[in-house]
Amino acid sequence: MIQYKTDKEICLIKESSLLVGKTLAEVAKLIRPGVKTIELDKVAEKFIRDHGAVPGFKGYGGFPNTLCISVNEQVVHGIPDKRELKDGDIVSIDCGTILNGFYGDSAYTFAVGEVDNETLLLLERTKESLYKGIEMAVSGKRIGDIGFEIQNYVEQFGYGVVRDLVGHGLGRNLHEKPEVPNYGKRGTGVKLKEGMVLAIEPMINLGTKDIIQEKDGWTIRTVDRKPSAHFEHDVAIRKGKAEILSTFEYIEEVLNK
Ligand code: MG
Ligand code: MG
């Protein structure tokens, strides 16, 4: 069942989503060759708790940490550990918070040091595909319109759209109905209505769409071991134009310094 939200509830989700954006900006300050992914996780957990919230992923389904940190060929759900980021890596950082009973959930993929141009383009175009999808996230459109836009945009570059992992509704629960695939057909699927809040999160591979789960039971990586990018925003369905509840503004302020 789809949980429709009141404006007041949407405000609370926005507060939680903004805290995720601020947390990712704190993490962005530390991303450089030599930093251990577990160090990023610790900073994020402290920042979230210092702001009166709780990490949304820690303990969710047994996930052990605050951040999902996925490097290069890892798509999503990477577990922070002693691995050091190195020059030329890309790193997807996915963060969730619970604030005032509502989840925020947003992700950004960062370049570490000097990254080759082909991979930088993958990051740029995956982020662009997220905004293409968001343009369709308006009252009267359908879930398939969002997926179609994302898929149509990235496949022109020969990229693979991950099928097995999808976006989702968001609210008092991290994963609510409906599912939001990053592929689809125009005019199909659930009709979008005001009061719906969706996490839209394209996971786009430089190579094929095929993925596999590592033996740790969490980490998802590409089968061909080519890099994968992931960007995620939380949006409220409105008439005419989606309201983006999360933000990359704080992150990009750090990156542009
Ligand atoms: Mg996420
Ligand atoms: Mg999500």
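How far apart are the magnesium ion (ligand 1) and the magnesium ion (ligand 2), and which residue coordinates both? In this predicted model, the two ions lie 3.2 Å apart, and the residue that coordinates both is Asp-105. Around the magnesium ion (ligand 1), the coordinating atoms are two OD entries of Asp-94, an OD of Asp-105 and an OE of Glu-232, at 2.0 to 2.5 Å, and the spacing of these donor residues in sequence is D-x10-D-x126-E. Because Asp-105 belongs to strand 5 (residues 102-111) whereas Glu-232 is located in the loop between strand 13 (228-230) and strand 14 (233-236), the pair ties together parts that are 127 residues apart in sequence. Both Asp-105 and Glu-232 are buried.

Helix 4 (residues 143-155) comprises 13 residues, which at 1.5 Å a residue should span 18 Å, in agreement with the 19 Å that separates its end C-alpha atoms. This helix is mostly covered, with 10 of its 13 residues buried, among them Ile-143, Ile-146, Ile-150, Tyr-153 and Val-154. The packing partners of the buried residues of helix 4 are helix 3 (117-135), together with strand 6 (160-161), strand 8 (176-180), strand 9 (197-200) and strand 10 (203-205).

An open sheet of 3 strands is also present, in the order 3-12-11 and with antiparallel pairing; its edges are formed by strand 3 (74-76) and strand 11 (211-213), each of which pairs on one side only. On average, and with direction ignored, neighbouring strands of this sheet are turned by 40 degrees against each other. Strand 11 is joined to strand 12 (residues 220-222), which runs antiparallel to it, by 3 bridges, and Arg-221 in strand 12 is the bridge partner of Ile-212.

Definitions and conventions: Residues numbered from 1 in each chain as written. Chains lettered and ligands numbered in written order. Predicted model: local features only at pLDDT ≥ 70, side-chain atom pairs only at ≥ 80, totals over all residues. Heavy atoms only, no water. Donors = N, O, S within 2.8 Å, 3.2 Å for Na, K, Ca; no water. Helix = DSSP H or I, 4+ residues; strand = E, 2+ residues; numbered from the N terminus. Buried < 20%, exposed > 50% of the residue type's maximum accessible area, 1.4 Å probe, protein only. Expected span 1.5 Å × (residues − 1). Contact = heavy atoms within 4.5 Å. Pairing = 2+ DSSP bridges. Axes fitted to C-alpha atoms, helices over the stretch in contact; angles between N-to-C directions.
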